[in-house]
Amino acid sequence: MIFRSKYNFEQGPIRPPNEANSLLVRVTRNCPWNKCLFCPVYKGERFSRRSVEEIKSDLDSMASALKKTREISVEKGFGGEVNRQVAAYIQSSYPELFSIAFWQYHGGENVFLQDGDSLLLPVNDLIEVLKTIQNKFPLVKRITTYSRSRTILRRSLKELTELKKAGLSRIHVGLESGNDRVLEFMKKGVTGDQHVEAGKLVKNAGLSLSEYVILGLGGEKLWKEHALDTADVLNRINPDFIRVRTLAVPKLSPLYKKIENGEFKLLKDDQVVREEALFIENLETIESSLYSDHILNLLEEVCGKFPEDKNCMLGVINRYLTLGEEERDIFKLGRRTGYFRHLGDLESSNLNMPVNKLYKQLQKEKLSVDDYIQQLMLRFI
Ligand code: SF4
């Protein structure tokens, strides 16, 4: 028998970076495709749909937890508000309530439906889940989820519009690349044209669309095609958001073996930045907002809205590429060790000191900065 406390609910392993403060509601487990070479997340795990009853039971637990956190706040004299003090008290005294307190502390308005491909749930089930979330948590303003382009194409415009009406706000899609050779090599199970069709369908249904791109996914062989075709596909979709993350390959992902046997050659940081420049230069006719909000990205400050911020984004890249080799190495080390966030941090002597020390140490030991960085990046996956 499984013991289930009043506050027990199930949550999956990942969510998009910008959903870090959202309530995570698991509606399916794992990924139904699970074949992408670069993706370690659900390897070895089986996909399953959760029943509406199971999900509703989780939502009941979450609502009870929410009620309890408010009671605690009232007892502490804060009138039901979960502020920093209340959240800290709950973290130490009621750890089982902490994820709900954390959500409330961050406004309690956003929900993310997990795991990898929620649109595989029957539409009516999903509608019931969306309505239940809004009934139980009336302050919720945004509900988003992941879905694969191939799965979106199995839904009609009418079904997607019904989901929008029922409260679904946004779909996050792992586009990864717009180049068919890259998509095929990486076993993404979709073509560039299918990405375009699915993206347009989501937009026509009035849903917000966030498309994820993996910088470096073409490797040394296909980096140009990857940059150009990904820009082309995004130009045809004109999504609300484009989010980039940089490829890093942990041992668990099948791509690791292809790197070991020489079938795939990873780009180094500077090559990724050149690819990013080519990609952004070729994003035209769109009104999307681009974010680099993943810790794996070297240049987090490359972000903005098209078309007005395009030159500014290219300016950041150009500024990095025109640094001397030693300065670029120091910036890479600083960023990957967490001392730097922005290029301007190179000018801070406080931040620079420990990074310079590490740089000199690597030089003394004749270690390559790029090899050292590849190892560091695996910590962030
Ligand atoms: S579809 Fe997404 S979650 Fe599934 S294997 Fe590919 S990248 Fe991973």
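His 294 counts as buried at 19% relative accessibility, where buried means under 20% relative accessible area, exposed over 50% and partly exposed in between, with a 1.4 Å probe and protein chains only. The model is predicted: local features need pLDDT of at least 70, side-chain atom pairs count only at pLDDT 80 or more, and totals for chains, interfaces and linings use all residues. Residues are numbered from 1 along each chain as its sequence is written, and side-chain values use heavy atoms, with hydrogens and water left out.

His 294 lies in the loop between β9 and β10. Helices (H or I, at least four residues) and strands (E, at least two) are DSSP runs, numbered from the N terminus. Leaving aside neighbours within four places in sequence, His 294 is in contact with Pro 17, Val 244, Arg 245 and Arg 335. Contact means heavy atoms within 4.5 Å.

The ligand is surrounded by Cys 31, Asn 34, Lys 35, Cys 36, Phe 38, Cys 39, Tyr 42, Lys 43, Arg 148 and Lys 188. A residue is near a molecule or strand if one of its heavy atoms lies within 4 Å of it. By class, this shell has five nonpolar, one polar and four charged residues. Ala, Val, Leu, Ile, Met, Phe, Trp, Tyr, Cys and Pro count as nonpolar, Asp, Glu, Lys and Arg as charged, and the others, Gly among them, as polar. The space taken by the ligand is the largest pocket. A pocket is an open set of points on a 1 Å grid over the protein atoms alone, where a 1.4 Å probe fits, with protein on both sides within 12 Å along at least five of seven lines. A molecule sits in a pocket if more than half of its atoms lie within 2 Å of its grid points.

Lys 188, one of the residues around the ligand, lies in the loop between α7 (180-185) and α8 (192-204). Lys 188 is buried, with a relative accessible area of 10%. Cys 36 is 152 residues away along the chain, yet the two C-alpha atoms are separated by 5.1 Å. Beyond neighbours within four places in sequence, Lys 188 is in contact with Trp 33, Cys 36, Phe 38, Arg 148, Gly 174, Glu 176 and Leu 183.

Leu 234 is placed in helix α9 (residues 219-237). Leu 234 is buried, with a relative accessible area of 0%. Setting aside neighbours within four places in sequence, its contacts are Leu 175, Glu 211, Val 213, Pro 239, Ile 242, Phe 279, Leu 283 and Ile 286. Val 196 is 38 residues from Leu 234 in sequence and 7.6 Å from it in space, C-alpha to C-alpha. Leu 252 lies in the loop between β8 (241-246) and α10 (255-260). Leu 252 is exposed, with a relative accessible area of 64%. Not counting residues up to four places away in sequence, Leu 252 touches Pro 40 and Lys 43. The C-alpha atoms of Leu 252 and Gly 219, 33 residues apart along the chain, are separated by 19 Å.

Helix α14 (residues 349-364) has 16 residues. From first C-alpha to last, α14 reaches 22 Å, close to the 22 Å expected at 1.5 Å a residue. The expected span is 1.5 Å times one less than the number of residues. The buried residues of α14 are Asn 352, Val 355, Tyr 359 and Leu 362. An α-helix has 3.6 residues a turn, so residues three or four places apart point the same way. The cover over the buried residues of α14 includes α13 (325-336) and α15 (369-377). Lys 366 follows α14 and has a positive phi, near 55 degrees.

Most residues other than glycine have a negative phi, and most peptide bonds are trans. Asn 30, not a glycine, has a positive phi of about 70 degrees. Asn 30 is found in the loop between β2 (28-29) and β3 (48-49) and counts as buried at 8% relative accessibility. Thr 285, also not a glycine, has a positive phi of about 60 degrees. Thr 285 lies in the loop between α11 (269-281) and β9 (289-291) and is exposed, with a relative accessible area of 73%. The peptide bond from Gln 114 to Asp 115 is cis, with omega near -5 degrees. Asp 115 is found in the loop between β4 (110-114) and α4 (123-136). A cis peptide bond also joins Phe 306 and Pro 307, with omega about 0 degrees. Pro 307 is in the loop between β10 (304-305) and α12 (310-321).

Notes: On a 1 Å grid over the protein atoms alone, a cavity is a set of points where a 1.4 Å probe fits but cannot get out, and a pocket is an open set with protein on both sides within 12 Å along at least five of seven lines; lining residues have an atom within 4 Å of a point.
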